[in-house]
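Visitor: I'd like to learn how to read a model like this one. Could you walk me through a few features?

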Amino acid sequence: MTMRLRLLAPLLAAALLAAGCSESGEPPAPDVLRVGLAAPATLLPADVRDQSGRMLAGALWTPLGDYDPATGKTTPRAAESVTSADRTTWTVKLKDGGQFHDGTPVTSQSYVDTWKAIGQENWQASRVVKDLLRAKEITAPDPLTIKLVLDRPSGQVPALLSSPALVPLPGSVLASRDWAGFTRHPVGNGPFRLDGDWQPSGGKLVRVTDAAGKARVIELKTGDAAAQYDEVKAGKLDLSTAVPGDRHEAMHTDFAQRHVMWALPSAAYLGFPLTAAHFSDATVRHGFALASDRAALEAGVLGKQVDPAKSLLPPAVAPGERSSTCRPCTFDAGAGKSLVTQAEFPAGTPVHFGQSTANWLRPLAEQVTKAVGVPLAPEPGQGPFAIELNLMTPSPQEVLSEIVKATGYSSDGFADLLKSAEETESAESGEVYRLVENQLLRDLPVAPLWSGHGHAVWADRVGEVKATPFGGVDLSAASVR
């Protein structure tokens, strides 16, 4: 028995090395990248709601284009062009040769049928199709042309169509409607295909077309962010796509030149019940906004996973950067209390904060209450409430529409101003959207709180790591050696 174990030991060690599972942390084959991530909620691109899902959608699919809200420009990807003469009728020309991983062609009809399915299902992207795109007709005049006729002019179509949620689905799943089966083994048109089914523990991506210096195979492992951070340090993982709050300070030493932070398409606001007597005065709303210590919450209950707001529009969709932090975004407890007193907010009147599952609402409520001297009632009622947005597109129109919907805000000229911003050509709409933002910051139906950000750290053998708000870490760009 002893001799047999001696013979088996080197064979087992060799097998572990070949599988890239060395206990000593030895790197795998030169073209294999080992990536740690949180388990995604779904792999169905139209229903993605977390950064792991966005990253995997970016690896498995190619969107029509990449849109930069700061410049209003679109870089074509699967599309050759997105054009319109009147901003009501839009024409999308596809690049020839697009193919799904099952070998079937990607055609204009693929998009038409996918967007129809999105409109019929209760997915995250359904609001993009129904509330933002609002096309009366979507047709495929030929295999490489998509024609959209909107119910009103919109210059935001290039931004909306760049959403990774609107990528095409293959004909097989559109016919079967087996969405659950598809999430186990999604079939896209992107740089990687999924090898085998997705498992709770992770999966393996294989590059469709080899690229020199880039990973051919990506081994994905789900798990705890802190453990994966330590595994990258120990050489057992190459890349961790999340960094917990208690590692933020160490990150700058442990991975001095090997970490990246990027804006996420998420934002939080404190909404106000505008029809409630105590909050109908904008002075009161400004007082509550100034009494919100965003930095304290960021370092506390929010675990350093957010950036305190500097403007109403979050960085992921903002048309350029504001020159300074907006006044209602700052913490000034004394000024906040003065404003509430000035507005003659009834002394001793309890505030019933709106019911929410947000873990930060009660700490924020207690903080604001202490600053302005208004007692907090623990039971829910008609008071300030949490608004958490998980955005699907890089268009400012989505954020602003959601704020209006959540609060019922309206004022003289506002609807026309928002309409003008939507109608303006994307590359020129930033200035008008800033005017919309300024009016909201004046009337303050919501107090901006924070936006999300992502972090990634990587090992010495990895290079060219970059990330985008709607795609997360770009796995196709990372190089390995």
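Predicted model: local features only at pLDDT ≥ 70, side-chain atom pairs only at ≥ 80, totals over all residues.

Guide: Residues are numbered from 1 along each chain as its sequence is written, and side-chain values use heavy atoms, with hydrogens and water left out.

Visitor: Okay, helices. Which residues of helix 15 are buried?

Guide: The general idea: an α-helix has 3.6 residues a turn, so residues three or four places apart point the same way. Helices (H or I, at least four residues) and strands (E, at least two) are DSSP runs, numbered from the N terminus. Buried means under 20% relative accessible area, exposed over 50%, and partly exposed in between (1.4 Å probe, protein chains only). In helix 15, residues 414-423, the buried ones are Phe-414, Leu-417, Leu-418, Ala-421 and Glu-422. They sit on the same side of helix 15 because they cover an arc of only 140° around the axis (directions from the helix axis to the C-beta atoms). Ala-415 and Asp-416 are exposed, on the face turned away from that buried side.

Visitor: What does strand 5 pair with?

Guide: Two strands pair if DSSP finds at least two bridges between them. Strand 4 (residues 79-84) is antiparallel to strand 5, over five bridges, and five bridges also join strand 5 to strand 7 (residues 145-150), again antiparallel. Val-92 is the bridge partner of Val-82 and stands opposite Ile-146 in strand 7.

Visitor: Which residues touch the most other members of the largest nonpolar core?

Guide: In soluble globular proteins, nonpolar side chains tend to be buried together. A nonpolar core is a set of buried Ala, Val, Leu, Ile, Met, Phe, Trp, Tyr and Cys residues joined through side-chain atoms within 4.5 Å. Among the 65 residues of the largest one, Leu-205 and Leu-475 touch the most other members. Helix 3 (residues 108-120) gives the largest share of this core, five residues.

Visitor: Last one: how many disulfides are there?

Guide: A disulfide is a pair of cysteine sulfur atoms within 2.5 Å. The structure holds one, joining Cys-326 to Cys-329 with S to S 1.9 Å. That link is right-handed, with 75° about the S-S bond. Cys-326 is buried at a relative accessible area of 4%, and Cys-329 is buried at 6%.
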